[in-house]
Amino acid sequence: MEFLLLGAFELVSGGRSLDPGPAKQRILFASLAVDAGRPVATETLIDRIWDADPPREPRKVLHTYVARSRRVLERSRHLGGGPIVLERRADGYQLSVDPDRIDLHRFRRLVELARARRRGCQERAALLGEAVGLWRASPLDGMAGGWAARVREGLGQQRLSALTDWAEAELDLGRPAPVIERLQELIVHYPLAEPLAARLIHALTLAGRAAEALDVYAKVCRRLDAELGAQPGPDLRAGHAAALRGTPPPPGTPRHPEQITLAADAPEPSKPPEGAGARRPRPAQLPGEAPGFAGRGGAVKRLDELLDCDAGRIAVVTGIAGVGKTALALHWAHRVRHRFDDGQLYVNLRGFDPAGSRMSPGEALTGFLDALGVPPERVPPDQDGQAALYRSLLADRRTLVVLDNARDAAQVRPLLPGAPGCRVVVTSRDQLSGLVAAEAARPLRLDPLPDAEARELLAHRLGPERPAAEPRTVAEIVARCAGLPLALVIVAARAATHPGFPLSALAGELRDAGDRLDALAVRDPATDPRAVFSWSYDALSAPAARLFRLLGLVAGPDLAAPAAASLAGTAGHEVRPLLAELATAHLVIEHVPGRYTLHDLLRAYAAELARTHDGEHDRRAAVRRSLDHHRHTAHTATLLLAPRRCPIPRTEAAQGVSPEPITAAGQALAWFTAEHPVLLAHVAQAAEHGDDEEVRHLAWAMSAYLRWRGLLLDWATVERAALDASGRLGDVRGQAHAHRHLSRACTLLARFDQASAHAVRALDLAAEQGDGPGQAHAHHELTWALSRQGRYQEALGHAEQALDLFSAAGHRPGQAKALNGVGNCHALLGRHDRALGYCRRALTLFRELGDRNGQAASFDGLGYAFHHLGRYASARRCHLQALGLYVGLGDRIGEVEALIRLGNAHHAGGEPASARDRWRQALVILDDLAHPDAGHVRAQLAATAPGGLYWPHR
């Protein structure tokens, strides 16, 4: 019998198809086949078969399906099928069968064998061809349910990876024809799969069909922009450059744009052209590993298996809280980091944070893209686009990715690179069976330390003499800590700080501790850390103990020392010794200098103590001080970043609050970068507690940073919270303000219907209040949304209304902004003479206001209009003015804009050498920023007779 999963699910025996039974029974068969050779828990099977809607007695129904399935397997024997056993295993079932009888497992085996062969050999291509030939359609095609959908999604990525490897193998052998035939069909079903498109472009170029290759590139770029808002990745840009030359790279050459000579007139390889050889950032994000790591030898060896195989490039380390998942992952990562030439990425996903500040995949992707050198302005606005860019950047790299403390598979999937050179370690309290099933991840469950390894950990921490002197006492300590590394570390810390205490005294404290932390046992009743926590807490000074309790009330993943001072209502110089005392006792971790976090178990324990020892009034006052600290500091910081923002009235900070003294824009930016996850958690906490004024103030203070940083989904979330809070407060102006910001966020996210709806609602609310400037701002947002859709005439109408209303209200900053808006609309409509008049008026007003950003934008608009009027010398002068302003402001993307448009003006004016000089200067900056458009500019420079370079308006 064969199990066919790579298409519609089928059972085939003796050449005949068998009926596997009704739909739910098919899911049972498929579920066991995906995990063949491994037991699948009964609860997992119930979840997979019925999702969130099981029958009244699901176990009984499942037993019926199992019995029927065994009869189907029995019938297969009479048709000539070999022995297949569906057997009971503990609280679950296991399908025991030769893996080669399941097309999915045969596919994975063939791919692994192929990847072990050298590139350029016939056998590698043959094995990969056989593997991809097993696919008939989408896996589990037509099978309903959430589990089947997740399997389809995960296996789809494995198929794309194998197809890419197969296409590479065929191209290495100089055989483009089969690649073209297969990929031209598949690209219809995977229109956004950049690796497939890149290999099709290479194949067409190799076959002498460069024009068709360029057409494929153009179509894929349009789809990426329209559906993801993303730019083409390195592979696509390399293919485009090769197609422009008409000659693909030689077999075996890594297909990356920085490794391809693009210009016919380029210097010799020993003298790379200006701007070539980008310095790719090499992130090194791993936190320091825990001192005195001990034990876990078997687990380390299991992780070592990731290094030397191409299949199963993901490890999932699971186990209960405090069992040492993160310590193991970081210990191994530091041990092997020299094997990853392109660096290490790390993120704490906060999947089980008691405060509820779980990190979104989009937030994690934004952080990774920043570490990989992508400027904020080039980060796609939506999560799918961010994930596509992230995978493209890692496509040819060897990078280690550590995803710590994941909640579920959905949080992890967007963060998985598709590159064969990358390895991923995920830690979670959840089994993440979806990743194991669909992504071929290797599961590694950590149990509490066995006695020998627990004693080894204590010996590492205390030195060998003390444990050796009291072996029975050590055995008791290990037993009472249930082998939990977190508890053992705290015991060792207390023993180390009291070297004169016999270990028997510490064991006695543990023995006498009556309370048990039952609520935090996390499915394992033997785990009891409260006893350890309690006597460690009891050893603290009274001020440190109070601070520890209050830390359990704070929203957000961590806390800076100044914020801790406000939380405690004390001075900064007084709180630092208390934090040091907590860190010495291992009750908090200073994970970066000056920022402190608690393990989830300790945070929950601290909150429990606060509810017991501190009255409700004191707890509320502490939370209020924490909110006030962040709100008042954010208010100061945002006015430094955006000094022309209309300030929002703010209440006095509570007694004991000391906002951070921020005095410069750079300092403000650094503060927001460190604190924005905490601020997001504060918004959620304030909304949950009904503190609507706090929500509005925090949203106002955060919006400029979130927009500048490109954190558009976070911005939209915060503004929705502000909209709801303003509605509950009956604040109509606040509602209009939130609608305008939501309109801008939706425009940037290419959600144009929503953008227009929010802007129209803001316009209506402002009209009801007789708020002229508010109406003008709403019209300006409509201008923005409509012009992005190519509806220039409608956009112009709203821009003119915004200008009229701002002028009537005497609102000069708005008037200048609207003048530029009207001018840009006229330019987009081809009315360049009229555009000049409006942009000149805007420039005059921006100069009077001292707004240098506005002046640069006006010069940019003037240069664009002069260029299209054929007045190239005037265009050059304007772009030079814009360039000088952008350089003075430190705006490097603005500098690139000005250089490219200045080059365009030189080119149109018959000065090609000057044009290329300016474009090369822009390329140097783009390479320095690791900007994703660098390859595009380099390819255009390589063209024999390039036209002007396109660069969109900001």
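Predicted model: local features only at pLDDT ≥ 70, side-chain atom pairs only at ≥ 80, totals over all residues.
Around it, the protein chain contains 41 helices and 14 strands, and 56% of its 954 residues are buried. Among contacts with a separation of 6 or more, 67% join residues 24 or more positions apart.

Side chains of opposite charge can pair when their charged atoms come close. In this structure, a search finds 34 salt bridges, one of them between R620 and E616, at 3.2 Å from N to O. Because R620 and E616 are 4 residues apart in helix α27 (residues 616-641), about one helical turn separates them; R620 is exposed, with a relative accessible area of 57%, whereas E616 is partly exposed at 47%.

Other salt bridges reach between elements. R728 pairs with D692, with 2.7 Å between the closest N and O atoms; since R728 lies in helix α30 (residues 712-729) and D692 in helix α29 (residues 692-709), this pair ties together parts 36 residues apart in sequence. D692 counts as buried, at 10% relative accessibility. D731 and R696 likewise form a salt bridge, their closest N and O atoms being 2.8 Å apart, and it links the loop between α30 and α31 (732-748), where D731 lies, to helix α29, which holds R696. R696 is buried at 16% relative accessibility.

Note on methods. Residues numbered from 1 in each chain as written. Heavy atoms only, no water. Helix = DSSP H or I, 4+ residues; strand = E, 2+ residues; numbered from the N terminus. Buried < 20%, exposed > 50% of the residue type's maximum accessible area, 1.4 Å probe, protein only. Contact = heavy atoms within 4.5 Å. Salt bridge = Lys/Arg side-chain N within 4 Å of Asp/Glu carboxyl O.
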